[in-house]
Amino acid sequence: MDITQLDDFSSDSISEVLAKTKDEVLFLSQPGVDIQPSERMFERMRQVLIDSGAGMVYSDGADQPRIDYQFGSIRDNFEFGPVTAVSVAIARQVWQGGKYRWGGFYDLRLRIAEHHPIVRIPEPLYSSAIQDARPTGVKQFDYVDPRNRDYQIEMEQIATAYLQRIGAFIAPGSMKARGATPEEFPVEASIVIPVRNRERTIVDAVQSAFQQGSDFSFNVIVVDNHSSDGTTELLRGITDPRLVHLTPERRDLGIGGCWNHAIYSKWCGRWAAQLDSDDLYQDRSTLSRIVEELRRGSYAMVIGSYTMVSFSMEPILPGLIDHREWTDANGRNNALRINGLGAPRAFDVSILRQFGFPNVSYGEDYAVALRICREYDIGRIYNSIYLCRRWEGNTDSALPIEAANRNDSYKDWIRTNEIRARQRH
């Protein structure tokens, strides 16, 4: 048996290999990757493909564990590895051709997944060179790189067509109005800062919050998640009356749980704005700009743009992260394809309290944003209003593969749940 190496991932390449093959199973590899199959790789992949009735199978590599494909694994960067086995009969049945320059394989596997399983074999069936050895903290910004804009537009078109076919597409103009809230709030806005063991950055973050200029009342709610370094003592030394320093009784809270502790508290304001414990607002106008946007539109949530900086506040690549892949017409659908929606995030607390955050420390923001945009409009600010510090203390700066896989699997589960809900919506 042989592996067919794709020249590229275009529709033309997929059409060509499907037309030429005389086998019932097509083994595809990515361009330029050197693969060393195990002794029975071909037989094992063929066997699983036939036994499971799958349209496609893939496997772990040596020292390269992968994750299972879920119904919600619709992101175009899902990691199958460099070798996949495809049922030729199923592929020919679902393939519609097309004129995609980069997205032919993506289109094919989404069409296969509509009607047939895509199955992972949790066995190391080959070895290969690592295809992308960059740290996770670097790779995660590929989809907002302006140089990739045409590629991203094509991927959005493919994903949107898939959501339309499976009945999970949300049409423009179908959002709920926000409406008035009957609740009373102690202040107009709250800046929410969950923190654990950030003695090097927490004072900078809190001072950035206090420096906000506004014509409305606001407070700063710091949820101190049982810090064991000097964070708690530093917070206790701050005398500004706008600081609300909360320590939950529970010790099982993730970042999402800390957010819940803040937004359901009696101190939370009408609007709640994000500030991570190692980040800063860009200038004194950030909070006012966010609240102005929330008030201006019928938005349940507003998301700004941020600039990447070093620990010493020097600009670093990729610079501005503005998530222009979001559009009013299709952002809520495209959000299911990408890995995040940006920062800083701010919320209408009356609506946010209907949903709350999942009690996790990764993906909690993505989950609540998907839930909100299923029913409500999200406003965007495309100029930079926030400084995101990248340093060794970031939780996503250089994850080991097991942690990255766990995070990716969880976000795919979030997508699965959201797509099912949208099909019923």
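I started with the contacts of Pro37 (heavy atoms within 4.5 Å). Setting aside neighbours within four places in sequence, I find Pro37 touching Ile3, Phe42, Leu125 and Tyr126. The model is predicted: local features need pLDDT of at least 70, side-chain atom pairs count only at pLDDT 80 or more, and totals for chains, interfaces and linings use all residues. Numbering runs from 1 along each chain as its sequence is written, and side-chain values use heavy atoms, without hydrogens and water.

Pro37 sits in strand 3 (residues 35-37). I took helices (H or I, at least four residues) and strands (E, at least two) as DSSP runs, numbered from the N terminus. Pro37 is partly exposed, at 38% relative accessible area. Here buried is under 20%, exposed over 50%, partly exposed in between (1.4 Å probe, protein chains only). Val83 lies 46 residues from Pro37 in sequence, yet their C-alpha atoms are 9.5 Å apart.

Next, the helix pair. Helix 4 (residues 104-115) packs on helix 6 (residues 149-166) at about 15 degrees, axes 10 Å apart. I fitted axes to C-alpha atoms over the stretch in contact, with angles from 0 to 180 degrees between N-to-C directions. On helix 4, Tyr106, Asp107, Leu110, Arg111 and Glu114 meet Met155, Ile158, Ala159, Tyr162, Arg165 and Ile166 of helix 6.

Last, the whole chain. I count 14 helices and 16 strands. The C-alpha trace spans about 75 × 45 × 40 Å along its principal axes. Of the 425 residues, 57% are buried. Among contacts between residues at least 6 apart in sequence, 80% join residues at least 24 apart.
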